[in-house]
Amino acid sequence: MVEVRNLKKQFGSLVAVEDVSLSVKAGEVFAIIGASGSGKSTILKCINFLEPPTAGEIWVDGRRVGVVQTGGRLRPARASELRLSRAEIGMVFQNFNLFPHFTALQNVIEAPMAVRGLSRRDAVDLAKELLDRVGLGDKFDEHPRRLSGGQQQRVAIARALAMRPKVMLMDEVTSALDPELVEEVLGVMKTLARDGMTMLVVTHEMAFARDVANSVVFVDGGRVVEQGPPSELLRAPQEARTKAFLQRILRTDA
Amino acid sequence: MRIDLLMDYWPAIWNGFLITVLLSFVVLALSTPIAFFLALARQSQFAMLRWPATVYVNVFRALPVLIVLYFAFYALPQFGMSLSAFQAATAGLVIASSAYLAEDIRAGLAAVDPGQRQAATALGIPYWRALRRIYLPQAIPISLPPYITRAIIIVKGTALASLVAVNDLTAEAVRAISITYRPYEFLAVAAALYLLINALLAVLQSLAERRIALKHGRVVAGPATVVQ
Ligand SMILES: Nc1ncnc2c1ncn2[C@@H]1O[C@H](COP(=O)(O)OP(=O)(O)OP(=O)(O)O)[C@@H](O)[C@H]1O
Ligand SMILES: [Mg+2]
């Protein structure tokens, strides 16, 4: 479903991501773990071209993202083509990034109407169904500032789902939440996983990675250090850097 | 107080007042959209747009408005543009004002959380739609108070047009004074009329702020002071 091949991203002279290749199958939950500044967010942002990669290829659902082939030639995608690719890729952010002047419902209907051309009525029906699904059936008309962090993040998930994406990118979506609100968001993510949504999840929640992810990759210094099923990578890491990182994480968790 | 003198000159003063109102209105109406596009260009990812806009803003913000005005009055006709005094004054004031206003508008846009841009882009929302529906509604409440303050400064700045042969309020007041040697009467009248225009702007501002507050259920700052 998602193929990342030899991805490289450079900011000026800083190489944030180097030679990263990942393969995520349909319906898989793929966890990315690593220390702060290791390039996790950059990998996600390159997948939907929020940050155009310096080098490498991104494929989503069999289509190349950001590059179009016309008559044997490759050229950069136009803005309109990029928008269509992005519409297939949902993204949820650490800081929710809800539109503050919109209600929960307006947050969810905006993109389906703007991008998919849904009528207002269809968009509202869809939004209500999705908000219901994330447990916010009674919050349609609330503005984000009247919602808790956990509720805001669930609106953000519903907003991304409203585009009917093929894959969801989730960047530390519980990191900005008070501890008692983390579970309600992880719960929604688990439901999504069970329903077969393909997800790339950057997370520090090792229990989530262990219980929900099919595959875990550890990145350090912008490179993939180790990759495997959680049962192997989290229980019996092969690389010294992975071991050290997991020890640090588990110590701070305890 | 020589009311009779005031009455004699009132038609000319009133005419000057109308010209000042017209000049202020035309200058604001023209410089606001220009400033808006300058602000967008300064944020653009395309260097071709960003650079000229940045140079424009920084040059015309740095020059005294009077210099720009004289330039429009004396230099533009040399390039084959035959402009009336009013047109030349308008051109000069628009050039200078749009540079200032661009900064106020840009500051509002820059204050919008970059996460909003990321979210809108990730959803695939087209730029102009996101601008209209997402960025501007958040930027306008921030830009509005400095914008109105600047608009008031611009209205007062139209008095400079009197130096390039526009018969505005200031020009008429100064003429009446030089003939009658009654400065206080005419200065008081001119001051009152400028106050009137700018009081109107301040009222517009608080109306706009109230509307924004109602729409977003948010508390905004009080009106800007009228006199700078
Ligand atoms: N827009 C940018 N411009 C310049 N440097 C950037 C930019 N975005 C990220 N970087 C740099 O790239 C590196 C990787 O950043 P990234 O945000 O991907 O790390 P991360 O693993 O997500 O970290 P965190 O856990 O703190 O979110 C860092 O050194 C960061 O400073
Ligand atoms: Mg990050």
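Is B:Phe37 buried, exposed or partly exposed, and what is its relative accessible area? It comes out as partly exposed, at 48% (buried is under 20%, exposed over 50%, partly exposed in between, with a 1.4 Å probe and protein chains only). The model here is predicted, with local features needing pLDDT of at least 70 and side-chain atom pairs counting only at pLDDT 80 or more, while totals for chains, interfaces and linings use all residues. Residues are numbered from 1 along each chain as its sequence is written, chains are lettered from A and ligands numbered from 1 in the order written, and side-chain values use heavy atoms, without hydrogens and water.

Now the rings. Over all chains, the structure holds 10 aromatic pairs (Phe, Tyr and six-membered Trp rings with centres within 6.5 Å; planes under 30 degrees apart are stacked, over 60 edge-to-face, the rest tilted). One of them joins B:Tyr9 and B:Phe186 edge-to-face, 5.5 Å centre to centre with 80° between the planes. B:Tyr9 sits in helix α1 (residues 3-43) of chain B and B:Phe186 in helix α8 (residues 183-216) of chain B, so this pair ties together parts 177 residues apart in sequence (helices are DSSP runs of H or I, at least four residues, and strands are E runs of at least two, numbered from the N terminus). B:Phe186 is buried, with a relative accessible area of 1%. B:Phe37 also has a ring partner, B:Phe36: that pair is edge-to-face, at 5.5 Å centre to centre and 70° between the planes. Ring pairs also link B:Trp10, B:Trp14 and B:Phe17 into a cluster.
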